Amino acid sequence: MTPAIVTEGLRKVYPGAGRAGPPSAPGAPTPGDTVALDGLDLMVNEGEFFGIIGPNGAGKTTTIGILTTRVLPTGGTASVAGADVVRNSVTVRQRIGVVPQRPNPDRSLDAWENLIYHAAYFGVPRREAARRATELLERLEISGKARLKVDQLSGGQQQRLMIARALIHEPTILFLDEPTVGLDPNARNSLWEILRELHNQGRTIVMTTHYMPEADELSDRIAFIDRGRLLALDTPENLKMQTPDGSLETFFIAKAGRGLDA
Amino acid sequence: MTSASAVASIASIENPHPAVPAWKVFLALLSRDVRVARRELPFFLVRTIMQPMLFVIVFGYLLPKMGFTQAGYQAALLPGILALSLMLSSTQSVTLPMVTEFGWTKEIEDRLLAPISTDLVAVEKIVNAMIQGIIAALVVLPLARLVMGPVAGFTFSHVPELFIVVVLSAAAASAFGLLLGVLISPQQIGFMFSLIITPMIFFGCAYYPWRGLDVVPWLKYAVLINPLVYISEGLRASLTPSMPHMPFGAIVGALLVLTVGFTWAALFRFRKRAIG
């Protein structure tokens, strides 16, 4: 299988507020800095549903941020859909769709315009954009809301609009950052349905979550990360086989020395 | 787990997405802003016309009628009022959206994910604000002229100078607006109006020519940090050239320096805000 994403030694250090002085050794973090990613190696295959799981602060959002060109790595390399995220960020953007952790629709536009203008940014001709928007709104069951200001949409509906927006330019790879946080069980189940359908179409999907059943339910493979490092990477079945009670949660605690809610 | 061969094979993935030319993405971003501006047209007009027109009514109509101003004051005031409209409109049409979109809703994100360099996303904001500033000046000009009546020395005979001044003024004011928009947080908007915009308006030589400040020499030089001074004087030089004004070359030079400086600082800061 061809890799859709490759990261090598990916590192991200956020400068701390109190810069106490120069680092003790070249490359060592300055006291007070936050090391969000500490040499992360990942390879995601084309067409794979790839789950990234870890507690808050594990480095999930930073990983997605770097892979979607919104965060600059401090060290290491990452390529997405064949392009380097730093040197060819414009090419990467052309090939990806991103569903953010919190819906951030363009509030000056209605739902329909959110899709049409986003498509225009990617060079999709207007008529084709309208066709895709109609189809996506239909499939995501928000076609009745097309002409509403996005503020009038519920949280779940806004999240679906974000998925439609991420798909309208037909990206090769779809990124979702904790897409079901704040959704009620019904909305979550219906989002899972949509994601399964997208995966069945052969799309590569990268999703972060700190909700174990979600990763278990959807992912082909799961990467466990904590404190910016990869703890384990395998299929949910293989990971579960490694614990006496067959639970991903137990596996994670054994590896990380703490639970996901820690 | 990764290897050189894996990295090599990734490059060979067939690419179904031909690159979209940057100008096309730029125009799409601009059309989004034009759409939003059209929807907010009534608010735009109120925001644009209100303050300059109130000044026109008091200083360009009432005071001359009462006999409190000398003949010729209107010729100094009209270009100043246009400068004010142009600057306030350019600045506000980029500052306020940037403050909310970066600081509050993060909704700028969908444009930052567009396949175009981050710098061009910022430049598009400047171009859009320039268009709005120029439209504001075009709306206020006939209204102000209507309220004031005939203005001695007012002429359209310096079109090339007028064109240069208007474009450079709009660029300087819009770049300044973008810089403010990426520097301040939503909580600081009130502070920005009281401490930055209001002093700029009153010390921007909009209501009096710069040469009038000969009477207070220290102030005459202190106001030179204010971009509005060059916009007001530039419009005087091109619309009422018989009135005293700064040398045209100095005005153009200052506006160029300010445009480049503000744009450079705004892009630097925009990149910092956009990419973590």
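The buried residues of helix α5 of chain A are Q157(A), Q158(A), Q159(A), R160(A), L161(A), M162(A), I163(A), A164(A), R165(A), A166(A) and L167(A). The model is predicted. Because 11 of the 13 residues of α5(A) are buried, the helix is largely enclosed by the rest of the structure.

**Helix α5 of chain A**
- The helix covers residues 155-167 of chain A, and its first and last C-alpha atoms are 19 Å apart.
- That span is close to the 18 Å expected at 1.5 Å a residue.
- Within chain A, the cover over the buried residues of α5(A) includes the strands β6 (96-99) and β7 (173-177).
- The helices α3 (111-121), α4 (126-139) and α6 (185-200) of chain A are also part of that cover.
- Chain B takes part as well, through its own α5.

**Contact between chains A and B**
- On the chain B side, 35 residues are in contact with 34 residues of chain A.
- Helices α1 (4-10), α2 (22-39) and α5 (109-112) of chain B each supply at least two residues of this side.
- The largest share, 8 residues, comes from α2(B).
- By residue class, the side of chain B that touches chain A has 19 nonpolar, 8 polar and 8 charged residues.

**Chain B overall**
- Chain B contains 11 helices and 0 strands.
- Its C-alpha atoms fill a box of roughly 85 × 40 × 40 Å along the principal axes.
- Of the 276 residues in chain B, 42% are buried.
- Among contacts in chain B with a separation of 6 or more, 86% join residues 24 or more positions apart.

Technical notes
Residues numbered from 1 in each chain as written. Chains lettered and ligands numbered in written order. Predicted model: local features only at pLDDT ≥ 70, side-chain atom pairs only at ≥ 80, totals over all residues. Helix = DSSP H or I, 4+ residues; strand = E, 2+ residues; numbered from the N terminus. Buried ≥ 20, exposed ≤ 12 C-beta atoms within 10 Å, placed from the backbone. Contact = placed C-beta atoms within 7 Å. Nonpolar A, V, L, I, M, F, W, Y, C, P; charged D, E, K, R; others polar. Expected span 1.5 Å × (residues − 1).
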